[in-house]
Amino acid sequence: MRRKIYHARLMSARPFIDSLDFARNGNEISGEVPFAGMSRLLGELESPDGVLHYTVRGGVDRQDVPFLDIGMTGDCRLRCQRCLGALEHPIRIDTRLLLRDQAELDALEDDEEAFDSILAEAKLDVLGMLEEEILLSLPIAPRHEAGDCQAAGGENAGKGKENPFAALANLKVVK
Ligand SMILES: [Zn+2]
């Protein structure tokens, strides 16, 4: 059995894996990384505070497709689009990414499966992959609930000229 379990604290600061090898051997890597170290994500955050905990497990599914199971938890702070204040945002992501070669990815094109597939790189940047998944999961226009938003009072006060989109936004929240 060549299965290996790594902990990123014992490795270099930025772990890279041979993705296919990692999956076929059922390897596992886990660690913590401060949000401050994720430069693309940082642009979406109100504050660099907080730490992301992650685990990546490799495997092969019944169709013999290698995959990475990703688990991430962490509490970050987004910027409310209405009042620009801090908005607590818990990251709870459990997802499976299928490893595909370039030809397979091209063949999938806009197929739904393409969203769950990544390129099977020989030197996969683990943190880059995690960061990408977080970015994809973030709300497009993060906002406080109406009662919690510092800008909400002013907006609701002017009932005579209500923004027609405000009603739509509320509907979305209810759903
Ligand atoms: Zn707000």
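Five of the seven residues of β3 are buried, so the strand is mostly covered (buried means under 20% relative accessible area, exposed over 50%, partly exposed in between, with a 1.4 Å probe and protein chains only). The model is a predicted one, in which local features need pLDDT of at least 70 and side-chain atom pairs count only at pLDDT 80 or more, while totals for chains, interfaces and linings use all residues. Residues are numbered from 1 along each chain as its sequence is written, and side-chain values use heavy atoms, with hydrogens and water left out. Helices (H or I, at least four residues) and strands (E, at least two) are DSSP runs, numbered from the N terminus.

β1 and β3 run parallel and are joined by three bridges; I5 has E28 in β3 as its bridge partner. On β4 (residues 51–60), β3 pairs in the antiparallel sense through seven bridges, and here E28 stands opposite R57.

## The sheet as a whole

These strands belong to an open sheet of six, with mixed pairing and the order β1-β3-β4-β5-β6-β7 (two strands pair if DSSP finds at least two bridges between them). β1 (5–7) and β7 (117–119) are the edge strands; each has a single partner, so one side of each is left without a neighbour in the sheet. From one strand to the next the twist averages 25° (axes are lines fitted to C-alpha atoms, for helices over the stretch in contact, and angles run from 0 to 180 degrees between N-to-C directions).

β5 and β6 run antiparallel, with 13 bridges between them. One of the pairs is D69 with R96 in β6. L68 is found in β5 and is buried, at a relative accessible area of 0%. The C-alpha atoms of L68 and L98 are separated by 6.5 Å, although the two residues are 30 apart along the chain.

## The zinc site

Four residues coordinate the zinc ion at 2.0 to 2.3 Å: C80 (SG), C83 (SG), H144 (ND1) and C149 (SG). Donors are N, O and S atoms within 2.8 Å of the metal (3.2 Å for Na, K and Ca); water is not among the atoms, so sites may look incomplete. The angles among the four donor atoms are 102 to 124°, and the site is tetrahedral (for four donors, all angles between 85 and 135 degrees). Ideal tetrahedral angles at a metal are 109.5 degrees.

Along the chain the donors follow the spacing C-x2-C-x60-H-x4-C. C80 lies in the loop between β5 (66–79) and β6 (86–100), and H144 in the loop between α4 (126–137) and α5 (152–157), so the pair ties together parts that are 64 residues apart in sequence. C80 and H144 are both buried.

## Helix α4

The twelve residues of α4 should span 16 Å at 1.5 Å a residue, and the 17 Å between its end C-alpha atoms agrees (the expected span is 1.5 Å times one less than the number of residues). Buried residues of α4 are V126, L127, G128, M129, L130, E131, E133 and I134.

At the start of α4, a side-chain oxygen of D125 comes within 3.4 Å of the backbone nitrogen of L127. A polar contact is a pair of N or O atoms within 3.5 Å; within protein, one must be able to donate a hydrogen and the other to accept it, and residues adjacent in sequence count only if both atoms are side-chain atoms.

N25 lies in the loop between α1 (19–24) and β3 (28–34). N25 is buried, with a relative accessible area of 15%. A polar atom of the N25 side chain is 3.0 Å from the backbone oxygen of D21.

Note on methods: Tetrahedral: all angles 85-135°; square planar, octahedral: opposite > 155°, others 65-115°.
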